[in-house]
Amino acid sequence: MRLFITVVIACIFGIGLQAELYIYTKKGIRLPLEKQKVTLYNGIPVKKISSQDDRVTVQVTGFVSKKDKNKLFATRNLKLLLAVATNPGILKTKGDTGVLEVTVPKKSLTDDMEEAWATGSDLFYDKCTKCHHTRIVEHHSMQDWNALFGSMKYKAKTTEAQNEAILRFLRAFAKDGILKESE
Amino acid sequence: MTTSRRRFLQGSGVAATAIMSTSFASATQLFSTVKKIPSASHFGAFYAYVQDGKIIDIEPQGKDSRPTMMKSLVDRNYSNSRIKYPYVRKSFLEGKENNKSLRGKEEFVRVPWEEVIKLVAKKIKETPRDSIYNGTTDGWAHPGLVNYCPTLTGRFFNTVKGGSVNLDGDWSTGAALRTNPDVVGDIEVYSLQTAHEQILPNTEVYVMWGADLFKTNKIDFAVANRKNDEYFLKYKKSGMRFISIDPIKTETAKMFDAECIHIRPNTDVALMLGMMQYLYVTKKYDSDFIKKYTDGFEKFVPYLLGKTDGTPKTPEWAAKITEVPASKIKELANLFVSHRTLIAGNWSMQRAHHGEQVHWGIITLASMIGQVGLPGGGFAFSLHYGGGGQASAGKNGPGGFSQGRNKVKAIIPASRLNETLLNPGKVINFMGEKLKLPHIKLMYVAGANTVGHQQDLNELIQGIRKLDTLIVQDPWWTPTAKMADIVLPATTILERDDISLLSGSYSGDRVYAMKKIVDTPYEAKDDYEIYALLAKEFGEKEYKKFTDGKQVMEHIKAFYGQSDAAKTISFEKFWEKGYVEYKIPKEAYQYVRQGDFRKDPVKNPLKTKSGKIQIYSKKFADFGYDDFKGHVTWFEPAEWLGSKLVDKYPLHLLSPHATYRKHSQLDNTWIAGLYKIKGREPMRINPKDAKKYGISNGDLVEVYNDRGRLLVGTVVTEDIREGVVAIEEGTWYSPEDPMQDGSRGNSGQPNVLTSSRPTSQASQSCAANTVLVAVKKIKGDVVPNQAHLMPKVTKI
């Protein structure tokens, strides 16, 4: 049973995407798809297109920058990376929007948003609540979190990998992010 | 870890007194073992000497020239103001209809622990989580990680209720916390500062803009190490020029023979603007720095020149507001741009009406001076705090409890607590959005003193009397405990085992064992144990989640195990010795704040919208507020020496950080006797004002305005400018007549007079330093200050 309601803020930017599944990497925050020359990021919402045996074809939609058409971001502010595609043509763009279709192992998908984001979420609620009260993630924008987490990380003594996981969680669930934490 | 009684006596006057008072003791008693036990506090690390189960003295660990405050920890432990047993307010216990209005007015009934725990759990179970206010929020009762009250309280409520209402910001730095991230990409107020080793050889002009380095570095959020005292001696000999911009001649200004610019309170932004306008029109500002490292200067300049409001912000304009002569404003501007200048701002300036402007103003001025990111130049907002300027060891300290997720999204901006209690559901502006104030029914305060640190105490008390339940957990009968319905006695830091935060706050070079020194002589319990007992009332699952299935010493070992120290030194060795010290790496002494940004702003951008310093912020401008704009702006404060209100209330009241307290801590000890006048907090006043109002040194006077009245003792001194009085924050509130609402404050707690008015609609932070008052000499007898007396209690 899905425990959480997913709200896709991308709708307000003109992309109607109802996430069915989330990329779930048990280790690290990247899912490299070497043959397709694509890297997907943990926790990102994807739409199932089709499936065969233990493989599922999914669609990822987002925004691209003018400078780098290989990267797909969750929002127009280009602060939350969804995917990096080095295979020419796989990332189809129209204006500043982009769509990517890739096939991923079934085991790399989950319908449980909390499970998908557990690494960053657990680290944030563990490392960033020891000295001050628990901050409400959606009270701050992605930009705010960059500055706030940047200010405090030296006190939290987090590693680079932990920083990346925490910041991705904060950006995804920020005021202007793409997801909302459960009630 | 013991020492013989004879050896100890050689160096201890305190012990010598003890021996005289036990002249009839037997030889066995006389020569009984004195234990030397290490521990640590916000006032520094220490060794406690214990004989026959009682603490007889405390001495600092290592070199510490100022251990006075920690010495009073002994007195505090045995104070008559200790909460010895659990208590419940009488009519609350009896469930009487009108019981809320009797808070702070009636006796308490002693109740067994088993009963009181069940009562507290029942009240919490009955109350929805979004109606519970965690009043412990950012209190800093002590630096131990196991019994750290803010974390424990948050962990408890997040575990058993899924959360509680928290505060937004804090009482120290609220305005800066909400503006600096957008302006300079960092909160700055709690961030690592440029190392002393970079300031000492490079800074030519050190501007203490309100900062009182020597006074406020006495204590620490972690464990004070007071190494800054040694650096300050080097500063004095360094040859750098010190300028203090402050209505008060501070301890530090005196120590450094600083030139004192006694500015009118709350007018600092006008002074900054006057300097900036002068630098702009004379083209003396660093235009290259502005182009390369800042964003939005062109939107600020029209305001500076008066093109947007018809008022050029000239030095002459600034002089009328600040009462700093225009010639001096120009002189300062010329001095700053021609010498390596470090502007050390403080926090109290932003605890004022429109306090959001102050740090932004200093950042903008420093940008025009063009030395941001250079060794010994630019701006700093934390050199006065936590050993700011000390190089960082950069190591991992012990772990600590996490609080987990709080599912309650409602928050209360720090200035709005009174209003929340009095007007629940009210919608206010807040950082560009609408915020609905929650309906608080239960307030839980552990190791914090709300009826002290909150502005406008008479208003707060009205609000508190609307709550359904107020629970206070503390070792002492603080003013907040006296207002409570349920009072839970907590142990002191001397009565429990713990492990310290990485100390000091910035050097992070030590981990301390905080060993239990003595058993509590009362029924007090550790904060951790109290919450564990409460969690158990909610179920086994909640108890296990809260405790992780561990006992206190297991937690201490586990926390230590997460530190870098554990890689080389066993827990047993650490616990035996009492501390572990990390070596500071050489490169840490080279640290320059914003140094990387200065070297390469493209590779190392700030975490702002543009990656540069935001002299203009579209985000802020888009809020559309009339009291907070898109660039630094002078706003006339609601109360200041330039306002019409001075006809009625002619003096500006400041409430700076306490010299001999950590906020309210140690007010109930012998150290208070060193500075209190007739049992009340001292008020500094200029001789001209004293003469005008017919008051003399040592007089008891009433200070008053429309919000309240209080009694203080007078200190007539040239150290404060004419028209300004100062009463230090933190003394325990005590009404002259507790039965009378709005009774005159009898201890000198200045928040009886401060306003709950927010800084602005943006951050809604506290504005304690925007207050006008009048004074009058007291005639006749007054009731003694009863702040440190316990209330009337009865046993069932």
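1. Two residues are in contact here if their C-beta atoms, placed from the backbone, lie within 7 Å. By that rule, 11 residues of domain 1 of chain A are in contact with 10 residues of domain 2 of chain A. On the domain 1 side of this meeting, the residues that touch domain 2 of chain A are 6 nonpolar, 4 polar and 1 charged. For these classes, Ala, Val, Leu, Ile, Met, Phe, Trp, Tyr, Cys and Pro count as nonpolar, Asp, Glu, Lys and Arg as charged, and the others, Gly among them, as polar.

2. A word on what you are looking at: this is a predicted model, in which local features need pLDDT of at least 70, side-chain atom pairs count only at pLDDT 80 or more, and totals for chains, interfaces and linings use all residues. Residues are numbered from 1 along each chain as its sequence is written, while chains are lettered from A and ligands numbered from 1 in the order in which they are written.

3. Back to chain A, whose domains are domain 1 (9–111) and domain 2 (114–172); such bounds come from an automatic or database domain assignment. The centres of these two domains of chain A, taken over C-alpha atoms, are 23 Å apart.

4. Chain A has 10 strands and 4 helices, and along the sequence they run β-β-β-β-β-β-β-β-β-β-α-α-α-α. Helices (H or I, at least four residues) and strands (E, at least two) are DSSP runs, numbered from the N terminus.

5. Of the 183 residues in chain A, 44% are buried. A residue is buried if 20 or more other C-beta atoms lie within 10 Å of its own, exposed if 12 or fewer, and partly exposed in between, with C-beta atoms placed from the backbone. Among the contacts in chain A with a separation of 6 or more, 64% are between residues 24 or more positions apart.

6. Chain B is divided into domain 1 (2–71), domain 2 (87–171 + 397–581), domain 3 (174–391 + 591–621) and domain 4 (644–777). In chain B, 10 residues of domain 1 are in contact with 7 residues of domain 3. Strands β2 (34–41) and β3 (44–51) of chain B each supply at least two residues of the domain 1 side that touches domain 3. By class, that side of domain 1 of chain B has 4 nonpolar, 4 polar and 2 charged residues.

7. One residue to look up is B:Tyr206, in strand β9 (residues 205–209) of chain B. B:Tyr206 counts as buried because 25 other C-beta atoms lie within 10 Å. Leaving out residues up to four places away in sequence, B:Tyr206 touches B:Met240, B:Phe242, B:Leu342 and B:Ala344. B:Tyr206 and B:Ile343 are 137 residues apart in sequence, yet 6.3 Å apart in space, C-alpha to C-alpha.
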